[in-house]
Amino acid sequence: MKSIRGLADRYSHWVLLMPFLVFFTLFILLPVIFAVLLSFTRYDSIQSPVFVGLQNYLDIFTHDTVFMQKVLPNTATYALIVGPGGYILSFLLAWVIAQMPRIPRTVLAIVLYSPSLLGSVALSTIWGVLFSGDRMGYLNNILYSLGLINEPVAWLTSAQTLLPIMIFVGLWSSMGVGFLAMLAGILNVNAELYEAAYLDGVKNRIQEIYYVTIPLIRPQMLFGAIMALVNTFNSPGLGVALSGSNPTPDYAGQLIVNHMDDYGFLRYEMGYAAALSVVLLTFVWIMSKAAYRMFEDRD
Amino acid sequence: MFTAKRLFIMPICAILLACLAVNTAAARIPQTGNSTSITYTLSSDGSWLRTQDAYLPGEILFQDDPLWQPEDVYVYGNCLYIAAAGNGYVVAYDLDTRKTRIYGEGTLNTPTGIYVTGRQELYVADSGFSKVFVFDAEGKLLSEYDRPDEMTFGAQAQFKPKKLVVDESGVMSIVSEGSYDGVIQLGAEGEFLGYFGYNSVPMTLLELLQDRFFTEEQKKQLFNRIPLTFYNLASDPDGIIYTITQSAVGNAIKKHNISGVNIIKHQMIDEKNFTDIAVGPTGQIYAVTQTGLIFEYDNDGNLLFSFGGQAISSERSGLLTIASGIAVDDEYNLYVLDKERGLVHTYVPTAFANLAHEAINEYRQGSYTSSRDKLNMLLMLAGNARFIYYYLGKNELQLRNHQAAAVFFRQAGDRSGYSEAFWEIRNDVINAVLPWMFAVFLATVLFNLVRRLWKGKQAAHQGTRFLVKSRILSDLMFGFNVLRHPIDSFYEVKTGARGSIWSAVILYLLAFGAFAFDYLGRGFAYSLRTTENTSPLYVILLFFLPVALFIICSYMVSELHDGKGWFMTVFIGMSYALVPWICFLPAVTVMTHVLALNESFLITFSSLLVYAWTTVLVILAIREIHEYELHQVLGNIMLTFFMMVVVIFAFSIIGMFWDKAIEIASSITREVKYRVGH
């Protein structure tokens, strides 16, 4: 009896952890493991997978010119601007909103948060009107009336303009969960701390942000950074939704996720797509490591 | 080995070409003697290069019976059609039988433009009658088209057809005098289809603002801003329309796609006074200026040859008085109208020009190897010509000889082509190295794992601090401190605890080194500047002049605005502000050697980062050293820039005065000497 009790004492936490562990294994761990395993095979979803070793990875970095010439530079451009840019934007907006009284704050928070809730389809309908390639598109119409262009610019289907527009829309919709977390964090900072800081010689709002706000909401900032990273690398097919085609015109808006889509669900080269997803996973992992290094609590 | 082979091939080529030249000359137009003008092409650095004769002057037609003010010429089969505007008819001259035939005598007034369709119908634009006439092969008048009366044509629009081309379905594209809206297109029934193509009015910022804010009455008082009109046009066998616009330097020639947009995007080497344009059998573009210069371009508007010229005091075959029209037949013979003398000068392509045409044509058709061989032959004949290198590069790229392609593109000054070839070379290197990198990566991971298992968790790594004895070295090392804790560091500089004049001088020199390396040492894909084509003094001035001016002006402005810093501290502080520049700009420059143009974003982004960081440090330095608030810093910087402009202005005025003073002094001394001498 006693031994059973002792056993229960020693292992009961496993029982309590069980629900989480089961679901985590089923829905996250296993798919990742399967993806990694799949990435070592050639698999077209009809015949059974054939083991090919590292061939898929070698192909990605040596034979896939589209990946090296378009997808990788595009992803780097998009991630470098939308990641930090969206992150800074959401921090600044969260800070500005936090200064407001309750009701406008709530309303504005919802307004700013809503773009990230919309799916890419909704995005493309909204922005499709603005950037429409005919004379009736808002932007074209405005440029016409200003006399800046002579013929309509096909904003969404031209290789020169698609990526900048994607970046713009990406920034616009970057006020996501990270933004909400930071807003909550800023609102939670004890007002007395600011007063104390002013007594200690803080002179303006910028110093206030730098010396009080940021150190106090560091955990939320870390969360926001990770979310921003994951979102930018995984942004689900913004370019495809805007231009209406996969691959995007001249691969101008092709990000890694679109490339995966292209190989996985248009060409049915599942093994290759899985290898791409592992590459993407590695990127995100390295980046989030870097984010941890930047924001971790050193004290 | 290569040169020896060249020396051997040279004479053979020359003989071969000489034989070829005789053969082609016998074909249609007898060639008469030597060239009367020099043929130029572009050399690899973009300057004019004298090269082999591309065309030799041939027979002069209508010498016995000159035409009166001929305006346009067109070749169809072996028949030369000439719009003799002064005579009031069109002449058809059979090049084989040498017989002439006259169209539209009595019907036409001043025919200025002609076109012959595949059904041998002759279209004539008559600017005297303001009509378009159509004749059949026998000279019978088939139809005539008047000013279209559709609303869309425009109530005020004039219809004075000058030149025209007609496509297979009978759609006429007409250049009408004084028509700013573009080329007029009429359907086969004479109905107005629309305007095609356009010239835009380049607007200055001032004009844009005027457009926004002026009232209608104010606008009326301004000059009318109207676009340049098209002067002439031509079409190629595929129906693509080419136009010329006078005085539009850089894009005088336009190649229009079906919606009228110019598809030659780059700036062309051209002239202000082109009068006519013709398209060769494989898409070469020929244009002639009023002064008789003939330009030949390839299909994409890259200059191949330029030759010909004006006959100033004497008549010579191949030199023109006033050129008004050019046509080319399917053997690349050129026919150029001399309006003043009423003659047709002919030009016969040499074997050299034919070789160039064949090489380019073979490239376009995909026979890369044979195109490359021909181009190599051309290279021996023509020397350092840009177009040869350009096409050699393109051929080698297609043949996947990327190293050679990169070399040729470099010589042709083509950065995008070079970048493409470079990407392939880099890809090969990556392919070769990747397995090793993989192995090394795995090995390190394994090694770390084993070490960790073996030793367990080690104590945290203790940073070792170097104790630097020498003051100047420690001052230089302090630069790294600036990167991490800028505000504290500038405070230390201000108190005089850190930095000395010598450390600052060294930092400025290092910054100059970084600047010069970036300015001159970028990879070819990112910059055409090399140490050969840039003067060192220019680079030195480009860096030190603004930097010195900024420091001095900033200090002077701060003196007036109760800044607390000494000149020495400003000098030292600014040198520390340049530390990110010194540390990271060279890295960016090195990156330009590794990255191709499609990754250029990384270059712009990282250099932007370096500049932004440096700017922030400059702002912080001013703030700390003078104990300023932020708005005072910004005010200081604004005033500094203003003062820099004033100083530059003042110095240039003094410089001009000085020049004048010297000039006056020297002329007085000359005068005195002259008087004394007499």
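The exercises below, each with a worked solution, concern a predicted model in which chain A and chain B are in contact.

**Exercise 1. Describe the overall build of chain A, and decide whether it is spread out or compact.**

Solution. Start with the secondary structure: chain A has 14 helices and two strands. Next, compare the radius of gyration with the globule rule. The value for chain A is 24 Å, whereas the rule gives 19 Å for 299 residues. The computed value is well over the rule, so chain A is more spread out than a compact globule. Then take the extent of the C-alpha trace, which is about 70 × 60 × 30 Å along the principal axes.

**Exercise 2. Find what share of chain A is buried, and what share of its contacts joins residues at least 24 apart.**

Solution. Of the 299 residues in chain A, 33% are buried.

**Exercise 3. Examine helix α4 of chain A: how does its reach compare with the expected value, and which of its residues are buried?**

Solution. Helix α4(A) runs over residues 102-117, which makes 16 residues. From first C-alpha to last, the helix reaches 22 Å, close to the 22 Å expected at 1.5 Å a residue. A residue is buried if 20 or more other C-beta atoms lie within 10 Å of its own. In α4(A), A109(A), L112(A) and S116(A) are buried. The buried residues of this helix pack against α3 (65-98) and α8 (177-188) of chain A.

**Exercise 4. Locate the largest nonpolar core and follow the contacts of V73(B).**

Solution. The largest core has 119 residues, and V73(B) is one of those that touch the most other members, along with Y81(B), I82(B), V90(B), Y123(B), V124(B) and I277(B). Helix α4 (residues 351-365) of chain B gives the largest share of this core, eight residues. Now leave aside the neighbours of V73(B) within four places in sequence. Its remaining contacts include L80(B), Y81(B), I82(B), G325(B) and V344(B). A second, separate core has 58 residues, among them I97(A), L163(A), I167(A) and Y272(A).

**Exercise 5. Characterise the side of chain B that touches chain A.**

Solution. Count the residues: 14 of chain B are in contact with 11 of chain A. Then assign elements. Helices α8 (415-455) and α15 (600-626) of chain B each supply at least two residues of this side. The largest share, five residues, comes from α8(B). Finally, sort by type: eight residues on this side of chain B are nonpolar, four are polar and two are charged.

Conventions: Residues are numbered from 1 along each chain as its sequence is written. Chains are lettered from A and ligands numbered from 1 in the order in which they are written. This is a predicted model: local features need pLDDT of at least 70, side-chain atom pairs count only at pLDDT 80 or more; totals for chains, interfaces and linings use all residues. Two residues are in contact if their C-beta atoms, placed from the backbone, lie within 7 Å. Helices (H or I, at least four residues) and strands (E, at least two) are DSSP runs, numbered from the N terminus. Ala, Val, Leu, Ile, Met, Phe, Trp, Tyr, Cys and Pro count as nonpolar, Asp, Glu, Lys and Arg as charged, and the others, Gly among them, as polar. The radius of gyration is taken over C-alpha atoms; the globule rule is 2.2 Å times the number of residues to the power 0.38. A residue is buried if 20 or more other C-beta atoms lie within 10 Å of its own, exposed if 12 or fewer, and partly exposed in between; C-beta atoms are placed from the backbone. The expected span of a helix is 1.5 Å times one less than its number of residues. A nonpolar core is a set of buried Ala, Val, Leu, Ile, Met, Phe, Trp, Tyr and Cys residues joined through C-beta atoms within 7 Å.
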